[in-house]
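Subject: A structure for you to look at

Hi,

Here is the structure I promised to pass on. Please open it alongside this note, and I will walk you through what came out of it.

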Amino acid sequence: MAGAPDSTRRRTRQAVYEFVRERGLATKKDIADGLGISLPTVAKYLSYFLEAGLLEEGAKLSSGDHGGRSPIAYTCVADGRFAVGVDVTRDRVRCLVVNLEGRVLGTRRTRRVFERSEDYFAFVGGEVAATIAQTGVDRDLILGVGVAVPGLISGTTGRVTYGRVIDNQGLSAADFAAHIPYETRLVHDSEAAGFAEFWDKTTVDNAFYISLSHSVGGSVLIKNAMYRGDGELAGEIGHMRIHDDGLRCYCGRDGCLDPYCNSTVLSAHTDGSVEDFFAGLAAGDPVLAPVWDRYTTDLAIAVNNIRVMFGCTIVLGGDVGAHSGAQLDDLRRKVEQLDFLDTDSRTFLVPASVREHPIAVGAALYLVDEFRQRLGRPPSRSLGYSQPPRWSVPGRGATGV
Ligand SMILES: [Zn+2]
C-alpha cells in the first residue's frame, strides 16, 4: 500500500472501520478476505484505529476453525467519540450526548423562551457545557454539536430561510457557535428526527417520516437517500391543507395540518405532557377521548395523502408517534377507511423506533455520520457549519476499495 494514492488509502481506512462495524467482531483475516486487501495492510489500519481509540481487541475466537493460535477479533469502541444534539423549541431547550452507536449518555431539558439575543445563544452554550459535564465524557472526544431548530435551512447559506414557528429567520450556526467551543451546525428539526430513525438502517429503501411534535414536519427517504426537493421544501407536511376555512396556522394560512396535529393539540389537555395525555387516554379519561378522535381523523387525511403520493412506509414519529402505543390502532382504522386499495395499514404505517428525543438525537447523529464519512476524506476537510450534506444510510457502498 506504500505506493497507493492518498485517496485510496483513505477509502481503505474507512472500509476497514465500516467492515468491523458491520460485523461487530472481525479478525485480521476476516477483514483481509472481506475487503480483498493484504494482511500487512489490514495490520497497518488496525494499529491506526487502535491508537485512535476507535477499535479495540474484542473476544478471542475459538481456535477450532482456524487451527493453532486463537485469532484476535477486533470491535468498534462505541465510546470512541461523542456528539452533542440540541433541540431548540419555542419554550425550552433539550440537550443530550450520544456515542458512536447513537446511544444517549445523558440528557438535560431547561425551560426558556426562545429569543434572538446573545444572552439566549450564551444560554444554549451553557446548556451544552452542562450536559457534557453531566455525562462526564472526555471533551477531547467530542465531534461537535448539532443544533436543531424549526425552520427551513438553506443548503447554500446555512441560514434559516423560513422560520415562523419561532422567530428565527436568517439564523445560522454561527450565532450559536460563538458560545460553543466545538464544531457547530444548524439542522432542520423534523429532518433531524427522520435522520435519527433512518441513519443506521440498511433495510429501509423508501419511507416518509412524520414528525408530530411542537410543530408538524416530515422527511422523505427515497432509495436510502434524503430527498429535500427544490428549496429544501420536500416533506413540509405541516402545511398540507386538510380543511377549507380551517384553523389558522402559524404560516398565516387557514386549514393546514399543523394546527390540527401538532403535539400541543393533545398536551394542552394534560399540562403540556404528551405522555400524560396517552396515559389518561388509556385510562379512559372521557375528556381526552374526543380530542384523540378528532386528532386521528385529521391525521388520517394526511397519512392517506402521503400514502398515495409516495406509496411507501410511513413512520409516525415525534412526541406523538413515540407515545401513542396501542392507541395507534385508532388511526390505522381511519387510514384504512380512506385507503382506495383497502390495504392493511399495519403493512405500511409504523411507529418510530427512536422514541426518546428523536430531534436532539438526530441532530447529534449528523456529526457522527459525518465523522464516519470523513474517515474516507482528506484530513483537512472541515465539517463546516451550514447544511448537513445530503446523506445516505451508512454501511452502503462504503467498501469500495
Ligand atoms: Zn401552514
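**Overall picture**

Of the 401 residues in the protein, 42% are buried, where buried means 20 or more other C-beta atoms within 10 Å of the residue's own, exposed means 12 or fewer, and partly exposed lies in between, with C-beta atoms placed from the backbone. Please keep in mind that this is a predicted model: local features need pLDDT of at least 70, side-chain atom pairs count only at pLDDT 80 or more, and totals for chains, interfaces and linings use all residues. Residues are numbered from 1 along each chain as its sequence is written.

The protein has 13 helices and 15 strands; these are DSSP runs numbered from the N terminus, with helices being H or I of at least four residues and strands E of at least two. Among contacts between residues at least 6 apart in sequence, 62% join residues at least 24 apart. A contact here is a pair of residues whose C-beta atoms, placed from the backbone, lie within 7 Å.

**The sheet around β4**

Five strands make an open, mixed sheet in the order β6-β5-β4-β7-β10, with two strands counted as paired if DSSP finds at least two bridges between them. At its edges are β6 (104-111) and β10 (184-188), each pairing on one side only. From one strand to the next, the twist averages 20°.

Two helices pack on this sheet. Helix α6 (residues 189-198) touches β4, β7 (142-149) and β10, and its direction makes about 95° with that of β10. Helix α13 (residues 358-374) touches β4, β5, β6, β7 and β10, at about 145° to the direction of β4. For these angles, axes are lines fitted to C-alpha atoms, for helices over the stretch in contact, and values run from 0 to 180 degrees between N-to-C directions.

Seven of its seven residues are buried, so β4 is largely enclosed by the rest of the structure. In a regular strand the side chains alternate between the two faces of the sheet. In β4, F82, V84, V86 and V88 point one way, while A83, G85 and D87 point the other way.

Which strands does β4 pair with? Strand β4 (residues 82-88) runs antiparallel to strand β5 (residues 92-99), with seven bridges, and a hairpin of three residues joins β4 to β5. Across that pairing, D87 stands opposite R94 and V88 stands opposite V93. With β7, β4 pairs in the parallel sense over five bridges, and F82 stands opposite I142 there.

Strand β11 (residues 207-212) and strand β14 (residues 313-317) pair in the parallel sense over five bridges, with V315 of β14 as the bridge partner of Y209.

The 23 residues of α10 (residues 288-310) should span 33 Å at 1.5 Å a residue, and its end C-alpha atoms are 32 Å apart, which agrees; the expected span is 1.5 Å times one less than the number of residues. Its buried residues include L288, W292, Y295, L299 and R307. After α10 comes G311, with a positive phi near 55°.

**A glycine in β12**

G217 is found in strand β12 (residues 216-222). G217 is buried, with 32 other C-beta atoms within 10 Å. Leaving out residues up to four places away in sequence, G217 touches D189, S190, S211, G235, E236, I237 and G238. G217 and D189 are 28 residues apart in sequence, yet 8.3 Å apart in space, C-alpha to C-alpha.

**α1 against α3**

The axes of helix α1 (residues 6-23) and helix α3 (residues 39-51) come within 10 Å and cross at roughly 75°. α1 and α3 are therefore roughly perpendicular to each other, a term for 65 to 115 degrees, with under 35 counted as roughly parallel, over 145 as roughly antiparallel and the rest as oblique. T12, R13, V16 and Y17 in α1 meet V42, Y45, Y48 and F49 in α3.

Happy browsing!
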